[in-house]
Amino acid sequence: LLPSLPTLTVLVPLLSLAGLFYSASVDETFPQGCTSTSSLCFYSLLLPVTVPVYVFFHLWTWMGIKLFRHN
């Protein structure tokens with residue numbers, strides 16, 4: 001039922017990018033409308049930034065734990 005991690009790693013940024021393009025093409029006030037946290041545009045810009053940062057720090061933490069255990 002739940003997709004695997006590699007599938008989610010690819011699927012979530014693609015869906016976020018699709019949301020970004022949808023907001024950019026449909027919303028007439030795209031640059032001005034992205035400042036309100038209640039707008040879809042705000043989250044379609046936030047998700048593509050959040051996911052890679054989360055993955056990077058998750059891997060960074062994992063590598064730190066691996067290095068700490070082996071030294």
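User: Which residues in α1 meet which residues in α3?

Analyst: On the α1 side they are Val12, Pro13, Ser16, Leu17, Gly19, Leu20, Tyr22 and Ser23, and they meet Leu40, Cys41, Ser44, Leu45, Leu47, Pro48 and Val51 of α3. This is a predicted model.

User: How many nonpolar, polar and charged residues does that contact have?

Analyst: The contact of α1 with α3 has 11 nonpolar and 4 polar residues, with no charged ones.

User: How do the two axes cross? What angle?

Analyst: Helix α1 covers residues 5–26 and helix α3 covers residues 40–70; their axes come within 8 Å and cross at roughly 150°. Angles over 145 degrees count as roughly antiparallel, and α1 and α3 are therefore roughly antiparallel to each other.

User: Left-handed or right-handed crossing?

Analyst: The crossing of α1 and α3 is left-handed.

User: Back up a bit. What does the chain have in helices and strands?

Analyst: There are 3 helices and 0 strands. Read from the N terminus, the order is α-α-α.

User: And how much of it is buried?

Analyst: Of the 71 residues in the chain, 14% are buried.

User: How far is valine 12 from leucine 47?

Analyst: In sequence, 35 residues separate valine 12 and leucine 47; in space their C-alpha atoms are 8.4 Å apart. Both residues are in the list of α1 and α3 residues that meet.

User: Now valine 49. Which helix, and why does it count as exposed?

Analyst: Valine 49 belongs to helix α3. The cut-off for exposed is over 50% relative accessible area, and valine 49 counts as exposed because its relative accessibility is 53%.

User: How far is valine 49 from proline 13?

Analyst: The C-alpha to C-alpha distance between valine 49 and proline 13 is 8.9 Å, with the two 36 residues apart in sequence.

User: Different topic. Where does UniProt place the transmembrane region?

Analyst: The UniProt entry, which is unreviewed, places the feature "transmembrane region" at residues 42–65.

User: What is the helix content of residues 42–65, and how far apart are the ends?

Analyst: That span is 100% helix and 0% strand, and its end C-alpha atoms lie 34 Å apart.

Terms used:
Residues are numbered from 1 along each chain as its sequence is written. This is a predicted model: local features need pLDDT of at least 70, side-chain atom pairs count only at pLDDT 80 or more; totals for chains, interfaces and linings use all residues. Side-chain values use heavy atoms; hydrogens and water are left out. UniProt positions are given in the numbering used here, feature names are shortened, and annotations may be inferred rather than shown by experiment. Helices (H or I, at least four residues) and strands (E, at least two) are DSSP runs, numbered from the N terminus. Axes are lines fitted to C-alpha atoms, for helices over the stretch in contact, and angles run from 0 to 180 degrees between N-to-C directions. Angles under 35 degrees count as roughly parallel, over 145 as roughly antiparallel, 65 to 115 as roughly perpendicular and the rest as oblique. A crossing is left-handed if the near helix is turned anticlockwise from the far one by less than a right angle, and right-handed if clockwise. Contact means heavy atoms within 4.5 Å. Ala, Val, Leu, Ile, Met, Phe, Trp, Tyr, Cys and Pro count as nonpolar, Asp, Glu, Lys and Arg as charged, and the others, Gly among them, as polar. Buried means under 20% relative accessible area, exposed over 50%, partly exposed in between (1.4 Å probe, protein chains only).
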